[in-house]
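Please read the following account alongside the sequence and the coordinates.

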Amino acid sequence: MTSSSTSDLRVAIVGAGPAGIYAGNLLGTSVRDAGGTVAIDLFESLPAPYGLIRYGVAPDHPRIKGIVTSLHEMLDATPGGDDVAPRRNIRFIGNVEIGRDLALDELRQRYDAVILATGAMRDAELDIPGILRPGSFGAADFVAWYDGHPDVPRDWPLDRREVAVIGNGNVALDVARMLAKHDVDLRATEVADNVLAGLGASAVTDVHVFGRRGPADIKFTPIELRELGEVPNVDIVLYDDDFAGNAADPANARNNQLKVMLRLLNGWRSRPLTGAPRRLHLHFFHAPVEVLGDDRDGEGHVSGVRFERTEPDGRGGVRGTGEHRDIAVQQVYRAVGYAGTRVEGAPFDERTGVIPNIEGRVMETAALGGAAAGGAAVVPGLYATGWIKRGPVGLIGHTKSDAMETVAHLVADARAGALPARAVEGDVLELLDAREVPFTTWDGWRALDAHERELGAGHEYPRERVKVVPRNEQTAISREGVLVP
């Protein structure tokens with residue numbers, strides 16, 4: 001193969017979430033349309049595919065989980081027949097971490113191009129005093145727990161009555177809803193048994209959600225907000241001083257989505273409380289200043305949060321009023337966004353939490369904004385897509401357009417002879433075998449998928465599936481179809 005052709009491309013994609021799978025599917029189509037062929041290896045650090053769809057979407061969101069069906073179809077086709085789709089050249093290789101099991105340079109030696117699609121799984125920081133006190137958590141860790149991520153503890157301390165969630169986006173709503181829900185309402189979902197047991201023993205009675213801005217500036221989506229009001233045996237509590245003036249009037253909403261949400265909020269204000277055993281409080285115009293602690297036990301466990309009241313500044317933002325309020329809670333969850341994690345061997349911008357790139361072409365330095373910015377040079381054959389490319393914002397539609405842009409540049413670079421020639425031939429699986437890395441395959445995922453569905457069908461509370469949580473059990477089922485002792 002020459003580096004100036006798409007006739008025999010080999011491409012590695014790191015990350016088997018939506019961003020990586022869309023990129024692989026689009027790359028196959030683009031190369032086929034250009035008259036070439038491509039073999040794609042899709043690497044994933046977890047034993048199972050789908051990334052944030054499996055481990056970042058709340059289990060009571062089956063509509064969003066339905067995206068898995070589309071992703072599955074992109075990877076599940078079998079060669080043969082008249083319609084030989086390019087996605088059939090995608091090979092899933094799970095339970096392999098780049099930087100631990102394989103170096104990025106080792107991939108680059110074996111493939112004409114590498115696309116990094118590692119997403120953003122860690123919490124963005126909230127830099128206020130006391131944020132690291134015992135009882136203060138990142139939302140991403142809690143989400144990973146209730147979604148059965150194999151690399152987090154099996155137990156979660158739901159032993160406090162009053163809980164604060166800081167943030168005004170959909171993740172904050174997911175966290176608040178899961179904290180407020182009763183376990184009986186999750187029995188029909190794919191939630192893991194240890195999570196169901198933990199939620200069943202929860203002591204939580206009051207969940208407080210705080211946002212810096214007002215009701216007219218919330219970052220939720222209407223579906224997420226509506227679901228909040230449909231949680232059984234939970235009262236929604238709002239506060240009149242957060243709705244002063246006409247800023248929360250639906251007639252003044254900037255768009256139809258916001259108009260719908262303001263109508264929901266105003267409707268809840270007039271809805272009588274039922275005396276439900278749990279309450280979900282929505283607070284606006286509250287900027288966190290400090291996480292307070294009780295130092296009498298020597299640990300300084302969370303005892304409350306100090307907020308500064310804010311008000312519109314007339315320029316689309318908010319400003320502090322100087323008024324402070326201390327609200328008693330015993331746990332805090334920060335849901336102020338996600339941040340990307342460095343891929344060992346790749347450039348990384350610590351400030352923005354992304355891999356520096358121009359339209360998906362990775363740059364040698366964090367000089368973003370164009371090649372002229374600091375004279376940053378392109379790293380030949382290295383690309384990025386998804387949240388690690390643009391930051392953790394946007395929905396699935398943005399992920400697809402990201403992948404299209406990145407793939408278009410990769411194909412153009414192949415045509416122009418700008419990809420480095422492969423230095424090492426041979427199957428990467430041979431290297432993994434030699435290192436005794438217990439990698440998983442697509443057939444292995446199908447075995448794990450079938451096993452989880454069998455667990456669900458035979459469960460005390462039948463459901464579509466019950467997730468297997470421990471990594472070693474997932475890997476054993478995938479590789480051998482048996483549970484480890």
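**A guided reading of the model**

Leu-262 lies in helix α10 (residues 256-269); helices (H or I, at least four residues) and strands (E, at least two) are DSSP runs, numbered from the N terminus. This is a predicted model, in which local features need pLDDT of at least 70 and side-chain atom pairs count only at pLDDT 80 or more, while totals for chains, interfaces and linings use all residues. Residues are numbered from 1 along each chain as its sequence is written, and side-chain values use heavy atoms, with hydrogens and water left out.

Leu-262 has a relative accessible area of 0% and is therefore buried; buried means under 20% relative accessible area, exposed over 50%, and partly exposed in between, with a 1.4 Å probe and protein chains only. Leaving aside neighbours within four places in sequence, Leu-262 is in contact (heavy atoms within 4.5 Å) with Pro-215, Ala-216, Ala-247, Ala-248, Asp-249, Pro-250 and Ala-253. Asn-252 is 10 residues away from Leu-262 in sequence, and their C-alpha atoms are 9.8 Å apart in space.

The strands come next. Strands of a sheet pair through backbone hydrogen bonds, either parallel or antiparallel. Strand β8 (residues 206-210) is mostly covered, with 5 of its 5 residues buried. Asp-206, His-208 and Phe-210 point one way from β8, whereas Val-207 and Val-209 point the other way. Two strands pair if DSSP finds at least two bridges between them. β8 runs parallel to strand β7 (residues 162-166), to which 5 bridges join it, and Ala-164 stands opposite His-208 of β8. β8 also pairs with strand β10 (residues 278-283), in the parallel sense and over 5 bridges; here Phe-210 has His-283 in β10 as its bridge partner.

Phe-285 is found in the loop between β10 and β11. Although Phe-285 is not a glycine, its phi is positive, at about 55 degrees. With a relative accessible area of 11%, Phe-285 is buried.

β11 belongs to an open sheet of 3 strands, in the order β11-β12-β13 and with antiparallel pairing. β11 (286-294) and β13 (318-327) stand at the edges, each with a single partner strand, so one side of each has no neighbour in the sheet. On average, neighbouring strands of this sheet are turned by 25 degrees against each other, direction ignored. β11 is joined to strand β12 (residues 301-312) by 8 bridges, and His-286 stands opposite Arg-309 in β12.

Helix packing is illustrated by α6 (residues 139-146) and α7 (residues 170-180), which pack at an angle of about 50 degrees with their axes 10 Å apart. Axes are lines fitted to C-alpha atoms, for helices over the stretch in contact, and angles run from 0 to 180 degrees between N-to-C directions. α6 and α7 are therefore oblique to each other, given that angles under 35 degrees count as roughly parallel, over 145 as roughly antiparallel, 65 to 115 as roughly perpendicular and the rest as oblique. Ala-139, Phe-142, Val-143 and Tyr-146 in α6 meet Val-171, Asp-174, Val-175, Met-178 and Leu-179 in α7.

Finally, Arg-422 is placed in the loop between α12 (396-415) and α13 (428-434). Arg-422 counts as buried because its relative accessibility is 17%. Its side chain makes a polar contact with the side chain of Asp-112 at 2.7 Å; a polar contact is a pair of N or O atoms within 3.5 Å, where within protein one must be able to donate a hydrogen and the other to accept it, and residues adjacent in sequence count only if both atoms are side-chain atoms. The side chain of Arg-422 also reaches the backbone oxygen of Asp-8 at 3.4 Å.
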